[in-house]
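Please look through the structure shown here. The paragraphs that follow go through it part by part.

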Amino acid sequence: MTELEAGRAERLAPVRNGMALQRYRDVLIALIAFAVLASLPLFTGSKALLDFVIRCSAYGLFATSLNLLVGYTGLTSFGHGMFFGLGAYSFGLIMQKLGVPIPVAFVATLAITALIAAVIGAICVRLKEIYFAFVTLAFQMLIHSTILSWASFTGGDQGLRGGIPRPAFFGIDLSNHVHLYVTSCALLILGLLAMRQIAQSPFGFTLRMIRDNAARASFLGIDVWRAKLTVFVLAALFASIGGMVMALFVSGAYPEFAYWTISGEGIFINMLGGVSTFLGPMVGTVLLLLLNDTVTRFTEYHGIVLGVVILFFALGLRKGLLDFVAEWFSRRRDAGEGR
Amino acid sequence: MDLDALAGCLSSSACLVTQTTSGLIIGMLLFLVAVGLTLIFGVLKVVNFSHGAFYMFGAYFAMTAYQLTGSFALAMLAGAAGTAILGLIFERVFMSRVYGADVLMQLLVCYAFVLIFDDVVRIIWGPEFRSMGMPAAFQVMPLFIAGGVVPPYYLLLIGVALIAAIVLGIGLTRSRIGKVIRAAAHNPGMVSALGINTGLIYGGVFALGGMLAGLAGALAAPVRSLTPGMGFSVLIESFIVTVIGGMGSILGALIGALLLGLIRSFGSLGFPLFTEGLMYLFMVIVLVSKPTGLFGKEAA
């Protein structure tokens, strides 16, 4: 080791320690969160509450994966919902037609999603902002119209009916409501932890650099196209897991899962919770689902109510809720240090 | 897949004429919507994600005006003028607040209005399919051109859209207002420094774009069924048109729309299940070979 390298290792040591420390902290938080969520059925028999958490898991995975694109890389995808639908349909079809164990279907669905995301991503990530948004949207509509028109395979506008078989594996029986609940929570927590690791890795910081200044990143020797494509595929995988949770929950798959409004809701969730913090989309998911459930109870025109709330956030607050809170805290801290 | 039907049609002049005219009317309607979209993008630098709603409102306005007055001309006027006013209000009150903001923000504001407008239509006109019906003046014998059946209304539709295209093209390149608009698209700061009210221009361009979409909706009302949410598929298709033709190019929008219309009408014969897929496939081919679109000038 030369003197220079030794010096560099010494200088980097605190950074590495800091990152390792943060990783331990993240894992600890994840474990606590999982313990709290998983023990919930012990305290409450409310099926509605558990159902709500399962839906939050499905949408939360989807929305957080979208944040990898929107918040971290600056890729405003308006077609991310296609991978949600793709996950639900691939999983459902594999389980219905092939009758393989659930883990096999899970991995196979991820493989299919990765393949399709790589093809679509290779075409899309070259495009800039609004083009990227709309071409991803166009692909979403393509997948949606394929699902609708290929009725003999996908069930058309009726969706995948007849239920998805859920054979037990490793002692986990997903047709049992509590087992399904705990599995969804585990998938959510593991997914969030994995995405957190991606976001905090050197690759994650590369993505932030691309977002802030793609030209500079390119000058520094980063293959921008490849980095964008990688995160596009990674995000698609997590969205697909969200779709699978949803398919398991409703025991089927419906064309609405692949419709563009899912993408619109995903973007809105990110906006609602905030894109500058990792957990923003998760907060947004809970808020949106609560809002949706409350509004649909009172009126059939929930589009109007949702639209007005979106306008309030987009034109009024101009940022998400967690962004707002985070900024408020940092302003307080700055004021405190200034004194 | 039914390639025999496609080959059979291509070899018969009657079928060829019928399919070409139906392709042309799809294309012309798409052009009117897409040209508004491309105009708004060119000048205001925002993509009006709620553009489909103007098409929808145009159709509903026309239907209501026709049912009240029984006059087809008044129905067209109501569709166009109503959406123009709507566009002006929408731009001045809401869109003008998000210029220069994140694309995300612009998409969200429009997304909110897609939801709101669809529900407003549902409240006013009901959720079920409605139809305006063909005006009596056009309930005449169809024309026969080379053995193919062409309803006279189709000719009117194509004619109106063509006139709109020509007026727009000449107006933008030759007239003073057109020059001011193009200058504002290029350098709004300089234009406003020269004493021109750019806010008015922005509002005007948005109203014009909304009016063209509304006119398309009004023209489509007698031949299509009306339903809340009818604007969205039109929006996606017209965006495909602008991507194929090149964002900001009127000629590109015209060529792209006609190509897409023909793909739809002939594709429905050869690939009945994959007609929409054909459009996306075509878009992908254009994007991969020429990312700026057929008539796009600078890097997109």
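At what angle do the axes of helix α5 of chain A and helix α12 of chain B cross? In this predicted model, the axes of α5(A), residues 129-149, and α12(B), residues 275-289, cross at roughly 150 degrees and come within 9 Å. An angle over 145 degrees counts as roughly antiparallel, and α5(A) and α12(B) are therefore roughly antiparallel to each other. Their crossing is left-handed. On the side of α5(A), the contact is made by Val135(A), Ala138(A), Leu142(A), Ser145(A) and Thr146(A). On the side of α12(B), the residues are Glu276(B), Gly277(B), Tyr280(B), Met283(B) and Leu287(B). By class, the residues of this contact divide into six nonpolar, three polar and one charged.

One residue of α5(B) can be followed in more detail. Val103(B) lies in helix α5 of chain B. Setting aside residues up to four places away in sequence, Val103(B) touches Thr76(A), Glu129(A), Ile130(A) and Ala133(A). Within chain B, the C-alpha atom of Val103(B) is separated by 7.9 Å from that of Val46(B), although the two residues are 57 residues apart along the chain.

Next comes the loop between α2 and α3 of chain B. Lys45(B) lies in this loop, between α2 (13-44) and α3 (51-69). Most residues other than glycine have a negative phi. Lys45(B) is not a glycine, yet has a positive phi of about 60 degrees. Lys45(B) is partly exposed, with 14 other C-beta atoms within 10 Å. Asn48(B) is also found in the loop between α2 and α3 of chain B. Asn48(B) is buried, with 26 other C-beta atoms within 10 Å. Apart from neighbours within four places in sequence, Asn48(B) is in contact with Leu37(B), Ile40(B), Cys110(B) and Gly209(B). The C-alpha atoms of Asn48(B) and Tyr111(B) are separated by 9.5 Å, and the two residues are 63 residues apart along the chain.

Which residues touch the most other members of the largest nonpolar core? Of the 198 residues in this core, they are Ala138(A), Phe31(B), Leu32(B), Ala62(B) and Leu108(B). The largest share of the core, 17 residues, comes from α2(B). Ala138(A) is also one of the residues in the contact of α5(A) with α12(B). Ala62(B), not counting residues up to four places away in sequence, touches Ala75(B), Met76(B), Ala78(B), Gly79(B), Met132(B), Gly217(B), Ala218(B) and Ala221(B).

Two further helix pairs each lie within one chain. In chain B, helix α7 (residues 176-186) and helix α9 (residues 198-220) pack at an angle of about 105 degrees, with their axes 11 Å apart. Angles of 65 to 115 degrees count as roughly perpendicular, and α7(B) and α9(B) are therefore roughly perpendicular to each other. Val180(B), Ile181(B) and Ala184(B) of α7(B) make the contact with Thr198(B), Ile201(B) and Val205(B) of α9(B). This contact has five nonpolar, one polar and no charged residues.

In chain A, helix α7 (residues 177-200) and helix α10 (residues 224-250) pack at about 170 degrees, and their axes are 11 Å apart. That angle makes α7(A) roughly antiparallel to α10(A). From α7(A), the residues Leu180(A), Ser184(A), Leu187(A), Gly191(A), Met195(A) and Ile198(A) meet Leu234(A), Phe238(A), Ile241(A), Val245(A) and Leu248(A) in α10(A). By class, the contact has nine nonpolar, two polar and no charged residues.

Leu37(A) is buried, with 20 other C-beta atoms within 10 Å. Leaving aside neighbours within four places in sequence, Leu37(A) is in contact with Val53(A) and Cys185(A).

Definitions and conventions:
Residues numbered from 1 in each chain as written. Chains lettered and ligands numbered in written order. Predicted model: local features only at pLDDT ≥ 70, side-chain atom pairs only at ≥ 80, totals over all residues. Axes fitted to C-alpha atoms, helices over the stretch in contact; angles between N-to-C directions. Helix = DSSP H or I, 4+ residues; strand = E, 2+ residues; numbered from the N terminus. Parallel < 35°, antiparallel > 145°, perpendicular 65-115°, else oblique. Left-handed = near helix turned anticlockwise from the far one by under 90°. Contact = placed C-beta atoms within 7 Å. Nonpolar A, V, L, I, M, F, W, Y, C, P; charged D, E, K, R; others polar. Buried ≥ 20, exposed ≤ 12 C-beta atoms within 10 Å, placed from the backbone. Core = buried A, V, L, I, M, F, W, Y, C linked by C-beta atoms within 7 Å.
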